[in-house]
Amino acid sequence: VIRRVLNDKKPLIISDAMKDENFKRSESIVNLKLRSVMGVPLLVGGKNLGMIYVGNDRAASLFTQADLEMLTIFASQAALIINNAILLNDLRMKYDGLIKRIEEARFGELLGISPSMQRVFRTLDKVAATDFPLLIIGEAGTEETLLCREIHRRSGRRGPLVMVECAALPSEILREELFGSSGKHSRVEEAKDGTLVLQEVSALPLSLQAQLLNILEEYDQVRFLATSTRDLEKEKERGNFRDALFYRLGRVIIRLPPLRERGDDIELLARYFLHKVSQEMEIEKKDFTPDAVSAMLRYTWPGNILELENRVRRAIVVSRGPLITREDLEIGEEDFEPLPPLAEAKENFVRAYIEKVLRYHQGDKESTARDLGINIRTIYRYIGKGE
């Protein structure tokens, strides 16, 4: 009886098991002398958690179809309660592990276990307490503001942290903000003995860049940090950014990797936001379905960490039950970049690597071939494809 219910995943009623051709020789029926029998599976989403088995050894035809229907309804409710208890237990174990992983991955308010972020943290650990200006380059939403706050915190400076959004202000107002005017202190003066952050420094007009360079050379009471979502080396080559200012600000350049290149950090950050927002909203802990995790790892995250946090916040509100699905995150198949075949991916990697080494050797194909241990004809074949 148990085997039949569990295999078929369907309710079963037997009027007289001792006389039933399918079950009268079953060991349990014979030993217990069972007559009336009902069995109902405990199903959740097609998954069988077990069954409810009811038997009577005194009367045949004791249970009716109405009894079976009632037991089926009871079983569906029981299955949900049992499944939620299992999920809650799993969640508690996961969250215990998550808190430990977060502490291991934490750099102040920043989190990262990926090699790229660990390199950033190691660099910051070395330069945060120095007076060097720092240039931070990364896509929008990569937490450059948090990074600046952490650098200031670790610098030991007693003055304030002052931030100026260079892209948000017209040129004349930005000039007054940075350098002051009659009767008004400059933001540079405000940041005395502290840190001045120039957000999106690439937006500074060339005339203000010249003034800023003079301040950098003469005013040593302020630590200067600059952020940019643009590649300042390319802006310099185009004549949009002064060489001298680039080299003055860029003594140390910190490149923040986009979220799509941070591997395991995506799931870690998603679970961190899940934990954080659940606590803020004082709701039961939730978890992601395997499909949701897979979707997050495949998605390209154009809005980076800010987009991830926003999607998780929205998913917590719209999701039903303890599990967040891919649909709750609003990530569809159309949001994924197509995965190239393995052969094509290998070809693309080899071509990119050869081009990288070729640039290192300033276009010398013979030196490149020697370093890579390949025939020079291979270089021509891949470079030809690239053209």
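Helix H11 and helix H12, which covers residues 290-298, pack at an angle of about 125°, with their axes 9 Å apart. Keep in mind that this is a predicted model. Why those two numbers? Two packed helices are described by the angle between their axes and the distance between the axes. Angles from 65 to 115 degrees count as roughly perpendicular and those over 145 as roughly antiparallel, so H11 and H12 are oblique to each other. Their crossing is right-handed.

Next, H11 has another partner. H11 runs over residues 265-281, and its packing angle with H13 is about 50°, the axes being 9 Å apart. That makes H11 oblique to H13 as well. H11 passes H13 in a right-handed crossing.

Now to H13 itself. This helix spans residues 304-318, and Val 318 is found in it. Is Val 318 buried, partly exposed or exposed? Its relative accessible area is 45%. Buried would need under 20%, and exposed over 50%, so Val 318 is partly exposed. Val 318 also belongs to a nonpolar surface patch, together with Met 281, Ile 283 and Val 317. The patch has an area of about 320 Å².

Last, a residue from another helix. Cys 148 sits in helix H5, residues 144-155. With a relative accessible area of 1%, Cys 148 is buried, because the cut-off for that word is under 20%. How far apart are Cys 148 and Leu 225, in sequence and in space? In sequence they are separated by 77 residues, while in space the distance is 7.3 Å, C-alpha to C-alpha.

Technical notes:
Residues numbered from 1 in each chain as written. Predicted model: local features only at pLDDT ≥ 70, side-chain atom pairs only at ≥ 80, totals over all residues. Heavy atoms only, no water. Patch = residues over 30% accessible without salt bridge, like charges linked within 9 Å, V, L, I, M, F, W, Y side chains within 5 Å. Areas by Shrake-Rupley, 256 points an atom, 1.4 Å probe, with all protein chains shown as cover. Salt bridge = Lys/Arg side-chain N within 4 Å of Asp/Glu carboxyl O. Helix = DSSP H or I, 4+ residues; strand = E, 2+ residues; numbered from the N terminus. Buried < 20%, exposed > 50% of the residue type's maximum accessible area, 1.4 Å probe, protein only. Axes fitted to C-alpha atoms, helices over the stretch in contact; angles between N-to-C directions. Parallel < 35°, antiparallel > 145°, perpendicular 65-115°, else oblique. Left-handed = near helix turned anticlockwise from the far one by under 90°.
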